[in-house]
Amino acid sequence: MVTVQLENIKKSFTEPVLKGLNLSVKSEEFMSLLGPSGCGKTTTLNIICGFLKPDEGNVYVNDVVVNNLAPHKRDIGLVFQNYALFPHMTVKGNLAFGLKLRKVNKKEIEKMVQEAMELIKLEGKEDRYPRELSGGQQQRVALARALIVKPQVLLLDEPLSNLDAKLRREMRIELRRIHKEVATTTIYVTHDQVEALSLSDRVAIMHNGEIEQIGSPTEIYQRPKTDFIADFMGEQNIISGKVASVAEKETVVSVGDLLIHIPDSSLEKGKEVHLAFRKENVRVNKKKLSNVNVFKAQVIYHAFVGKYVQYLLSLDNIRILADVQVDFATQIYKEGDHVFVELRSEDFWVLQ
Amino acid sequence: MKIKLDLLKWYSLIRFVVTLLPLIIIFLSAFSEASFLSFPPKGFSLKWFVVALTDKSILRSIQTSLLLAAVASMLSLLIGTLASYALVRYRFPGRNIIDSFITAPLTLPMVGLGLGLLFFFSSFLGGLSFINLVFGHVIITLPYVVRNISISLAAVDKSLEQSAMILGAGPITTFYKVTLPLIKPGLISGTLMAFIASFNNTTISLFVASPENLTFPVKIFYFIEFFPDPRMFAISSFVIIASLAIMLALDRIFGLYKIALR
Amino acid sequence: MKKLGPFRLSNSAKIIVLLLLAVLVYALFFLGPLLWMFYNSFFRWDPLRLVDRSVVTMENYLKVFTHPLYQTGVINSFIVSTAATLLSLVFNFPVAYYMTKLKSQARAITTMIILTPMMTLSLVTSYAWLTLLTPGGLVNQFLMSIGIISEPIIFWGTRIGVILVLVYSFSPHMTLVLNASLENIDPNYIKAAQILGANRFQTFYKVILPMSVPGIVAGSILTFTMCISSFLSPYVMGGRVVKLMAVQVFDFISVQLNFPLGSAMAIVLLSVVLLMVYVIRSLAEKKFRGGT
Ligand SMILES: Nc1ncnc2c1ncn2[C@@H]1O[C@H](COP(=O)(O)OP(=O)(O)OP(=O)(O)O)[C@@H](O)[C@H]1O
Ligand SMILES: [Mg+2]
């Protein structure tokens with residue numbers, strides 16, 4: 001069942017921001033909307049909430065078109081980056097705000113506030129004002145305030161970006177737990193791929209005012225469909241070549257003098273292709289251990305980054321990055337060393 | 001080095017005394033026995049206080065001024081709150097022009113405005129009525145209200161209003177439950193400043209207050225023109241003390257320094 | 001299932017509703033009177049009908065600039081306002097500087113003292129000054145007793161008297177603007193200068209004074225416009241003896257009822273002030289754009 005659906009949404013300010021965006025979020029799903037700053041994520045949320053009207057297209061909530069419904073009638077939960085807790089109300093006042101508007105009786109409100117306080121583990125702090133809480137606590141109150149009215153869908157706009165790294169990690173776990181408990185359909189906006197990947201059931205990548213790819217975190221991470229996504233999901237190696245031969249189970253791509261074997265067989269011979277592979281999949285050895293996908297290389301630069309060594313390597317005229325896990329027994333190569341680079345054929349994928 | 005700072009301190013202290021000097025004169029002269037104004041005062045008596053407080057025309061003028069200031073500042077509060085909301089929360093063509101128009105009456109010479117209003121009322125809008133006088137004042141009190149409320153409103157993040165709406169509050173409930181409580185300091189300081197500006201305004205009233213609506217400052221103006229005696233200082237003492245009390249209240253609530261620059 | 005609400009008010013409709021009252025009030029009670037005055041300043045005065053609108057003429061404006069009486073008014077206004085502005089700057093700069101050194105409690109009290117001329121009826125305070133400044137008054141007695149002068153200085157009906165009350169009346173404005181700009185100087189500049197070996201005197205002349213120039217300019221233009229617009233304190237101190245534009249505008253209705261000429265005079269006065277305000281704005285914008 002689909003809870004939120006965006007159909008061909010277009011929106012321009014001075015220039016087009018959303019250019020025909022389509023997205024459907026299944027019920028009880030945790031969906032992340034991931035994209036670089038300024039790509040229109042907040043605009044999308046504002047359209048779902050009704051703070052902005054789309055120039056074209058429809059917004060459905062539970063299969064009802066809500067385009068002309070005022071925000072206060074849409075039954076949506078929203079958490080802002082700055083939390084937006086009402087400073088003139090206590091925690092309890094904030095939590096009760098939406099309930100009072102829904103004419104819930106006093107006793108019921110009291111009970112629901114207590115439950116919410118337990119959910120966010122802030123029991124006993126009901127009478128504090130927001131300024132008397134830490135950033136992480138305010139964050140949780142904002143979440144509880146949005147959830148307490150049992151909205152049909154919960155929207156979060158970069159909710160963790162004001163927190164420090166440690167708190168952010170903790171809140172990610174909290175968010176996951178709370179989502180498991182309440183099972184509210186959630187759209188989570190972020191420009192941090194780690195957040196998106198670690199929290200979501202599915203991730204939608206936004207680029208150029210459209211959804212460029214949508215899929216499970218593993219799919220997005222392992223097999224980004226485009227250059228842009230591959231680049232956005234972290235530093236990857238991308239090389240271009242020509243399809244040299246196509247066989248049943250194996251395609252060979254020639255990149256300069258190098259011949260790369262990949263499993264994809266949907267390509268045509270002679271076609272220009274971009275191949276991508278992740279830098280942590282590159283293995284670096286002193287000796288040549290196999291015959292397929294092993295290339296001679298030279299170390300241009302190396303840097304020791306905690307648990308791994310980052311190499312910049314030159315294969316013929318191509319430069320690639322490799323992250324190699326090290327322990328005390330691993331040999332570390334220096335600038336100028338000659339090495340062999342080895343990749344499995346399934347580590348490559350073809351970008352569109 | 002120390003001496004230089006001391007010099008600065010002593011100069012400033014003298015400067016503060018000079019600032020307060022007229023007020024001291026006003027208070028002391030009010031106790032004079034003589035029937036003309038002089039300083040130092042001759043003798044000591046309370047007779048001018050009695051004269052002032054039993055002078056019906058003075059009391060009536062104070063009453064008029066209080067009513068005028070109350071109506072003008074309340075109207076400004078209503079009109080100014082609406083206008084500030086549009087000016088702060090929306091971007092639209094002509095916004096800057098309206099914005100600078102609203103503060104213009106405070107920067108332009110009051111005699112010019114006064115003459116214009118008098119001339120205008122003698123041809124349109126039915127002459128020098130009380131209601132016209134009120135609107136003549138609204139023009140000079142509205143800027144204080146709009147400035148104060150705009151500053152408060154700009155400090156209220158839009159996301160607070162949006163949060164209220166998405167939690168189920170309609171536009172009016174949102175304004176009432178969230179925006180209004182948060183801009184209350186601006187509303188109070190703006191309205192008090194408007195009240196004082198209207199109560200103290202002499203020039204506009206001098207032009208457009210008819211004899212039935214003589215305000216307190218205009219009354220004082222005629223005293224000075226025709227028979228300056230210590231009664232004027234006696235009654236002014238009360239008014240000054242009331243103004244200082246309002247100032248003190250403003251300072252207590254918001255810090256005078258911050259709002260003085262608005 | 002939820003009901004679909006009616007179509008919402010568009011943003012432009014909301015803006016119009018919110019601004020309607022303000023625009024109406026300003027159109028009727030601000031713009032209307034000013035335009036009416038402007039329009040009528042091009043006609044002749046008529047003793048019976050007040051304004052004779054049969055001929056369009058520039059003679060009112062010519063009169064303001066060429067008739068000796070009004071010429072004196074224009075010239076006096078500029079002299080008196082300039083002098084008052086400069087004196088106000090000199091008298092108040094040290095106070096504004098001193099206030100930056102105060103802690104919050106003392107700052108609140110001094111601010112309140114500084115503001116008193118703004119919060120009290122300027123008519124009454126000006127009159128109080130007048131009683132002090134009579135030939136036999138306290139000020140003259142004091143000056144003569146310490147031997148600075150041998151003859152009492154005449155303040156009533158002289159430009160000096162008018163200048164003094166103007167300085168008094170508009171000191172709050174000058175002090176506050178100066179104080180705000182001095183307050184904005186990053187203390188690190190001062191520390192840097194001192195580390196580089198400047199003494200307090202040098203720090204003041206090389207760092208504080210130059211950095212407060214924007215405040216000095218803004219405060220001076222503000223004070224100038226307040227002075228040239230002012231009518232009450234100059235009237236109390238100078239009567240009709242010191243001829244000033246603002247006082248003459250009042251005279252046209254209290255004595256002569258010559259609306260067209262009064263309007264022309266008022267329009268000239270308004271234009272001067274508008275020009276000044278425009279200068280302030282563009283200076284402020286330049287500063288904003290320049291970034292320093
Ligand atoms: N009210 C507006 N008027 C004009 N342009 C706007 C407005 N709101 C957003 N934009 C523009 O639309 C684009 C998308 O903005 P949006 O806030 O949706 O980005 P975002 O993806 O949320 O970015 P971030 O990650 O930085 O929050 C930006 O280029 C922005 O400048
Ligand atoms: Mg955003």
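**Helices and a ligand**

Me: Which residues of α7(C) do C:Arg107, C:Ile114, C:Leu115, C:Pro117 and C:Met118 in α4(C) meet?

Reply: Contact means heavy atoms within 4.5 Å, and helices (H or I, at least four residues), like strands (E, at least two), are DSSP runs numbered from the N terminus. The five named residues of α4(C) meet, in α7(C), C:Tyr168, C:Ser169, C:Pro172, C:His173, C:Thr175, C:Leu176 and C:Glu183.

Me: What kind of model is this, and which pLDDT do side-chain atom pairs need in order to count?

Reply: Residues are numbered from 1 along each chain as its sequence is written, chains are lettered from A and ligands numbered from 1 in the order in which they are written, and side-chain values use heavy atoms, with hydrogens and water left out. The model is predicted, with totals for chains, interfaces and linings using all residues, local features needing pLDDT of at least 70, and side-chain atom pairs counting only at pLDDT 80 or more.

Me: At what angle do α4(C) and α7(C) cross?

Reply: Axes are lines fitted to C-alpha atoms, for helices over the stretch in contact, and angles run from 0 to 180 degrees between N-to-C directions. The axes of α4 (residues 104-119) and α7 (residues 159-183), both of chain C, come within 6 Å and cross at roughly 145°.

Me: How do α5(B) and α1(C) lie relative to each other?

Reply: Helix α5 (residues 110-123) of chain B packs against helix α1 (residues 11-40) of chain C with the axes 8 Å apart, at an angle of about 85°. Angles under 35 degrees count as roughly parallel, over 145 as roughly antiparallel, 65 to 115 as roughly perpendicular and the rest as oblique. The angle therefore makes α5(B) and α1(C) roughly perpendicular.

Me: How many helices are there in chain B?

Reply: The C-alpha trace of chain B spans about 70 × 65 × 30 Å along its principal axes. Chain B has zero strands, and its helices number twelve.

Me: Which residue has a polar side-chain atom 2.5 Å from an oxygen atom of ligand 1?

Reply: A polar contact is a pair of N or O atoms within 3.5 Å. The side-chain atom at 2.5 Å belongs to A:Thr43.

Me: Which helix gives the largest share of the shell around ligand 1?

Reply: The residues surrounding ligand 1 include A:Phe13, A:Glu158 and A:His191, where near means a heavy atom within 4 Å. The largest share, three residues, comes from residues 41-49 of chain A, helix α1.

Conventions: Polar contact = N/O pair within 3.5 Å; in protein donor to acceptor, adjacent residues only side chain to side chain.
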